[in-house]
Amino acid sequence: MRGNRWGSRAPVAMVLFLLPVLSVMGRAQELPYFVTYSQHMEEPGNLEVAAKNAIGKPQDSNRFVGASMELEYGAKAWWTTEFYLDGSAVSQDSTIFTGFRWENRFRPLAREHWINPVLYVEFENINGADKSLLEVVGHDGTKDLTDPHALARQEKLREIELKLILGSNFKGWNVSENVIFEKNLNDNPWEFGYAIGASRPLKLAASAKKCSFCAQRFAAGVEMYGGLGDRYSPGLHETSHYLGPAINWSSPIGLTVSFSPQFGLNDHSVPCLYRFGIAYEIGQVFGRMGFHRKGNGKED
Amino acid sequence: MKRRLSIITLVIFSAGILAAAAGADWMAQVPARDRQKTNPYHDQPQAIQAGRLLFDEHCAECHGKNAQGRNKRPSLRTERIQAEASDGDLHWFIINGNIRHGMPSWSRLPDQQVWQLVTYLKSLKASE
């Protein structure tokens, strides 16, 4: 019974996961993080199509897949905008669409510094069945992942999320820290969270030969994130936290594949999350369609 | 609540305006210590070849396969880039970009790869 129910939803889930693979031509240069944002923006005019999935099994509950389909566009060199569609599939339950998110990132400083800030603002319109775990805030934990879809989807979450993203590059390493503030617009208190990550390409200098699987195309690192309570009960009490290694591979044609096993650090966390990501970047997407950006053809 | 949201919105838009205001002549903004940096790969054939591959992957989409400019994006075969700018100038420019004019920061590339790109760019002949 368990297997049959899961199997009937498999084609829908597969389409959701593999849709980015069907897109065309592009470039990608990604860090291996799944939750942590770095200071790097999308190149202006480029469109990245990506899917991120989180697979987990809370104790005494069914296995779930939280999936996100992401469209990221570099509107300006200092402004990146992203649109997400989220879905959730649960063994012995169902596969459903859980909502959308629209986020914008702004880079306030024109030059590179030792620490580079980026301001992030997001509007989410999702329901309580969402399991994409793109951030963990407040007292989020396993209890939010165990209700059946029919019940969980009745909870409407219209939220504003703000992040302060700080990022540094040093000797090939990227170190990024995010402070998260989230507010459900239905009079709930502000919730807080954090995410930190560090990563490095396996080789810093590029090869003089074309290669698909040389060390420069792999990046590895570590990521940690979790909740920090809310306005009325800040701190680590009844919060969930995850830590895990992350690795990705960027192909010469622009496809990036990422993987990270992440481990829950306390009883409020899912014991183990497996995260998979696949991204494809389409360079100068409107230029390909004949629309060219403004410019005088001269360097300034 | 409304007042707080207004303040947050104001901060975000101010940040955008600040970012847009930056720009102007990039070579005048390069700090002296960056201008004088030495390219560890200067004129090395292996680095030129690696830089060419990096250029194809990250830069050719905007600047064209032969770096002669494309779709109103500038040529990199100008006298200014080939003769006036030092290796250090170009390294600084690739790392920082010129955000107001659409050139993104390439600080995500490791320093070694940025120097390889500079080595390739300096190996090109000026065509104007």
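A residue is called buried here if 20 or more other C-beta atoms lie within 10 Å of its own, and the views below are drawn from a predicted model.

**Close-up 1. Helix H7 of chain B is mostly covered.** Ten of the 13 residues of H7(B) are buried, and these run through B:Gln113, B:Val114, B:Trp115, B:Gln116, B:Leu117, B:Val118, B:Thr119, B:Tyr120, B:Leu121 and B:Lys122.

**Close-up 2. Chain B is built with seven helices and zero strands.** Along the sequence, the elements of chain B follow the pattern α-α-α-α-α-α-α. Chain B has 128 residues, of which 42% count as buried. When contacts in chain B between residues at least 6 apart in sequence are considered, 71% of them join residues at least 24 apart.

**Close-up 3. Twelve strands of chain A close into a barrel.** The order around the barrel is E1-E2-E3-E4-E5-E6-E7-E8-E9-E10-E11-E12, with antiparallel pairing, and from one strand to the next the twist averages 20°. Strands of a sheet pair through backbone hydrogen bonds, in either a parallel or an antiparallel sense.

**Close-up 4. Strands E5 and E6 of chain A pair over twelve bridges.** Strand E5 covers residues 116-127 and strand E6 covers residues 156-170, and the two run in the antiparallel sense. Within this view, A:Leu119 stands opposite A:Leu164, a residue of E6(A).

**Close-up 5. The largest nonpolar core has 33 residues, and A:Val35 and A:Tyr225 touch the most other members.** At least two residues of this core come from each of the following strands of chain A: E1 (47-56), E2 (64-76), E3 (79-90), E8 (190-201), E9 (218-230), E10 (241-250) and E12 (272-282).

**Close-up 6. The surroundings of A:Val35 include A:Tyr225.** Once neighbours within four places in sequence are left aside, A:Val35 is in contact with A:Leu134, A:Glu135, A:Ala195, A:Glu223 and A:Tyr225. Both A:Val35 and A:Tyr225 belong to the largest nonpolar core, where they touch the most other members.

Note on methods: Residues numbered from 1 in each chain as written. Chains lettered and ligands numbered in written order. Predicted model: local features only at pLDDT ≥ 70, side-chain atom pairs only at ≥ 80, totals over all residues. Core = buried A, V, L, I, M, F, W, Y, C linked by C-beta atoms within 7 Å. Buried ≥ 20, exposed ≤ 12 C-beta atoms within 10 Å, placed from the backbone. Helix = DSSP H or I, 4+ residues; strand = E, 2+ residues; numbered from the N terminus. Contact = placed C-beta atoms within 7 Å. Pairing = 2+ DSSP bridges. Axes fitted to C-alpha atoms, helices over the stretch in contact; angles between N-to-C directions.
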